[in-house]
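Trainee: I would like to learn how to read an interface between two chains. Where do we begin?

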Amino acid sequence: MELKGYLNGFFKFDDFRPGQQETIESVLTESHTIAMLPTGTGKSLCYQLPGYLLDGAILVVSPLLSLMQDQVEQMMAMGEKRVIALNSFLTPQQKAKALTELERYKFIFISPEMLGMDFVLASLRKLKISLFVVDEAHCISQWGYDFRPDYLRLGELRQQIGQPLTLALTATAAREVRADIAEKLCLDQWKEVVYSVDRPTISMVIEHADTFQEKLERTVELVKFLQGPGIVYFSSKKIAEQAAAYMRENGVRKVMAYHGGLDSESRILIQQQFINGQLDVVCATSAFGMGINKENVRFVIHFHMPLQIESYLQEIGRAARDGKDSTAILIYSPGDEQLAFQLAEGELPDRYQIERLFAYLKDHKLGYKELAQYTEDLIRICGFTEIQWRIVEEYLSSLSHTDLDLDSHSLIQMIERRLAVKNGKVRKMIEYVHAQECKRSVILKAFNEKPEKRPEYCCSICGVDMDHYKKMEPGDNEMLIKLDWKQDLASILLLSERIK
Amino acid sequence: MGVTYLESVVLYLLKTIKGERTIYSLYHLFQGKRSSQTIQDAHLYQITPYFQVFPSVTRESLERMVKSLRDRNLVKEAAESKVIVTEYGMETLERSLKEKPLPVFMNGWKYHQTTEPFWERLTLLVQVCSNLVHHESSYIPVRNKKDTLFWVKQYISKQGINRYILAERLYMELASALDHENTRPELVVLRLTGYKKIGLTITQAAEMAGLEPSHYHFEFLNTLHAMLDTVLEKASDYPLLSGLVSQGEREVPLTLSTDKTYGLIQKGYSLEEIAAARNLKQSTIEDHVVEIVLSIKGFNIDAYVSPEKQKKILQAARDNSARKLKQIKERVSDATYFEIRLVMAKYGEEQWN
Ligand SMILES: [Zn+2]
């Protein structure tokens with residue numbers, strides 16, 4: 001049978017999205033493959049479909065717990081029962097149980113640190129692994145914008161489980177990053193399936209506002225003018241909340257803020273309300289959108305610029321998944337650069353925090369093995385944020401010997417190198433914002449791509465008629481607040497025929 | 001000038017503790033701190049309904065609120081971190097409560113361990129049933145805790161009835177259990193998720209109901225606890241709903257560590273032996289015993305305080321309205337603080353109220 005037949009049989013889709021078929025074919029011919037597919041093209045299908053055609057388990061390494069969890073839930077929601085996530089969410093008992101019955105599972109998602117554990121490796125070695133998938137593979141590269149030290153061992157671990165056929169997936173990785181991925185994973189030969197980062201159905205617009213207030217007002221104006229649904233991205237939880245409140249005061253009714261500071265119930269509800277069409281707009285931090293599959297997002301507004309072009313592409317890529325014209329608008333105001341640099345720096349621990357940490361380790365004669373035990377104290381004493389602490393902990397726990405003076409020095413150097421990389425990324429983002437040439441071509445150049453033909457609605461430099469994205473539907477009819485709670489309850493639990 | 005609902009609750013509690021405890025005791029009460037001091041005080045002042053009903057409160061927000069109450073002359077400082085309600089404060093409180101009464105069915109102490117799992121299971125059960133009757137198998141559960149998902153799945157298959165009957169039963173039980181006067185069932189129903197209808201978040205529900213978020217929160221708990229009262233009293237009439245509360249969660253529970261101590265006490269170990277065996281301080285074990293006395297009615301303390309000494313301590317406490325351990329200790333010099341705390345824990349409520 002042709003691949004398309006399987007696609008239809010297993011997933012009920014008629015057509016592949018760009019890059020899927022080439023990637024799957026490459027994998028099925030037993031070639032190690034690095035696939036760079038734009039976000040929203042359904043990367044997971046690239047290992048799910050081979051999963052059904054290959055004999056043996058698919059092992060997927062994924063860097064973000066939330067992403068992994070979403071992926072597993074979606075597969076379960078689609079009716080796939082043979083899927084499991086091995087990560088720190090499992091209790092030791094659940095972990096032990098899962099490991100003894102691994103052969104029951106077709107799709108095994110695993111976090112890099114779990115993969116590094118000896119007893120896990122031992123269980124995995126007993127399995128037939130038909131495909132080793134590295135998701136978000138750019139995290140393995142020091143050049144990548146989201147470098148994660150715990151990804152560095154993946155090459156070695158891959159050797160230990162018998163060098164299985166490998167698929168590295170990423171949304172955005174320039175050429176040098178792809179070469180780095182292959183090297184770190186110890187692939188001698190590999191195929192690359194590289195799909196353009198270009199999303200021709202999304203126009204790229206930069207607007208300017210002189211002040212914060214002006215920016216806020218312009219955002220509300222846009223949200224009211226544009227056809228929804230849409231997402232507005234902020235780099236601060238507080239401002240996302242403020243903006244959502246401001247929008248509500250100004251007549252945008254179905255809008256909510258979404259960020260990591262919300263409790264988990266609210267996060268799930270808001271996400272699902274958005275998917276279900278109960279919300280038109282979400283004022284979000286970058287925490288929103290991962291793993292969300294909503295086809296008809298019509299606009300993405302950036303109230304703050306992201307810290308790198310890669311994130312920007314990922315975020316605007318949440319629009320237009322149904323292939324219909326959509327727009328991405330970034331509103332810039334003077335001072336945004338400083339904010340971006342500050343945020344980039346704030347993600348990393350600073351020299352004083354590191355020095356304080358090592359002074360404490362020295363005073364209390366602690367080794368790196370005991371870090372986890374003292375996490376709370378250390379975070380408090382050194383004033384680390386969660387992200388900062390994760391970086392420090394990952395680095396130190398990867399060291400085999402303890403030499404406080406040397407390690408303190410090398411950690412500070414590592415952080416300085418990463419800060420330089422991050423600052424470089426921010427500068428590229430700023431250049432993009434200020435570029436006086438076609439925005440699309442600036443992005444393509446950043447990824448060593450040649451611009452092909454320009455879409456009609458290209459970018460603010462080429463000129464975009466915003467009326468194209470104007471709200472079509474008249475204001476939705478006000479949903480009446482039902483006062484009869486029993487009727488509400490009945491409409492949830494009884495088939496609608498019965499309550500008439 | 002009026003007060004917000006949360007302010008009226010705080011004023012009420014401040015009035016009740018009469019400046020004998022610091023404002024931080026309210027913080028611990030709202031947080032549901034499992035220290036013997038907090039648990040003892042909650043019983044002593046009969047404010048157990050407020051135990052752990054507002055865990056999102058912070059020290060700072062409480063300080064800010066008390067300062068604002070002071071600035072408006074509703075309370076005045078009695079001592080460091082202690083305030084008493086002024087006459088004006090009393091009047092304002094009374095007026096406010098007439099309009100927006102306190103949540104009478106809310107019972108934080110009784111249900112603090114039950115509320116969350118019950119609500120998690122209920123919301124998930126409703127969502128699953130709703131999708132079942134609509135033949136929708138692909139949706140994202142509103143709960144992401146593995147334990148909850150597994151529990152509800154098991155629970156449904158255990159019922160062994162077809163989906164339509166299950167959903168209808170759930171409807172009947174909910175419609176009846178929520179129908180409780182002086183509560184607001186719509187505040188609960190707004191939050192429920194079903195087939196192609198996602199429930200509202202707390203903030204949204206509060207806005208929809210036109211309540212300030214903290215008022216919504218207390219009304220919601222009030223309604224939920226009233227429903228729990230109904231469901232657990234007549235469990236046979238509410239098989240589906242009462243089954244959502246696990247047996248262990250119905251008793252006022254002990255903290256894990258206290259429970260271990262309790263187990264050892266029942267086996268006949270002395271407190272010294274328990275401290276040694278568990279490698280804990282004697283004072284920690286003593287805290288556990290106080291918690292046990294507060295939680296388990298009928299727990300006999302004669303082994304720790306002789307009946308005569310109990311009488312002496314009670315007598316001293318009776319003459320001493322300030323309820324200070326220290327003052328009792330001065331009168332009964334041969335009693336230890338631990339013994340006094342035990343007696344107060346055991347007889348506290350009957351004694352003073
Ligand atoms: Zn252009």
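Trainee: Which domains does the domain assignment give for chain A?

Mentor: Keep in mind that this is a predicted model. The assignment gives domain 1 (3-194), domain 2 (202-334 + 435-499) and domain 3 (344-425). The centres of domain 1 and domain 3 of chain A, taken over C-alpha atoms, are 30 Å apart.

Trainee: How many residues of chain B are in contact with chain A?

Mentor: Contact means heavy atoms within 4.5 Å. By that rule 41 residues of chain B touch 31 residues of chain A. About 3400 Å² is buried between the two chains, and carbon and sulfur atoms give 63% of that area. On the chain B side, Ile140(B), Tyr171(B) and Ile198(B) lose the most area to chain A, together 20% of what that side buries.

Trainee: How many salt bridges does the rule find across the interface?

Mentor: A salt bridge pairs a side-chain nitrogen of Lys or Arg with a carboxyl oxygen of Asp or Glu, within 4 Å. Between chain B and chain A there are 4. One salt bridge joins Arg143(B) to Glu265(A), at 3.3 Å from N to O.

Trainee: Which element gives the most to the side of chain B that touches chain A?

Mentor: Helix H9 (163-177) of chain B is among the elements that give two or more residues to that side, and H9(B) gives the most, with 7 residues. By class, the side of chain B that touches chain A has 21 nonpolar, 10 polar and 10 charged residues.

Note on methods: Residues numbered from 1 in each chain as written. Chains lettered and ligands numbered in written order. Predicted model: local features only at pLDDT ≥ 70, side-chain atom pairs only at ≥ 80, totals over all residues. Heavy atoms only, no water. Buried area = accessible area lost by both parts, 1.4 Å probe. Helix = DSSP H or I, 4+ residues; strand = E, 2+ residues; numbered from the N terminus. Nonpolar A, V, L, I, M, F, W, Y, C, P; charged D, E, K, R; others polar. Domains from an automatic or database assignment.
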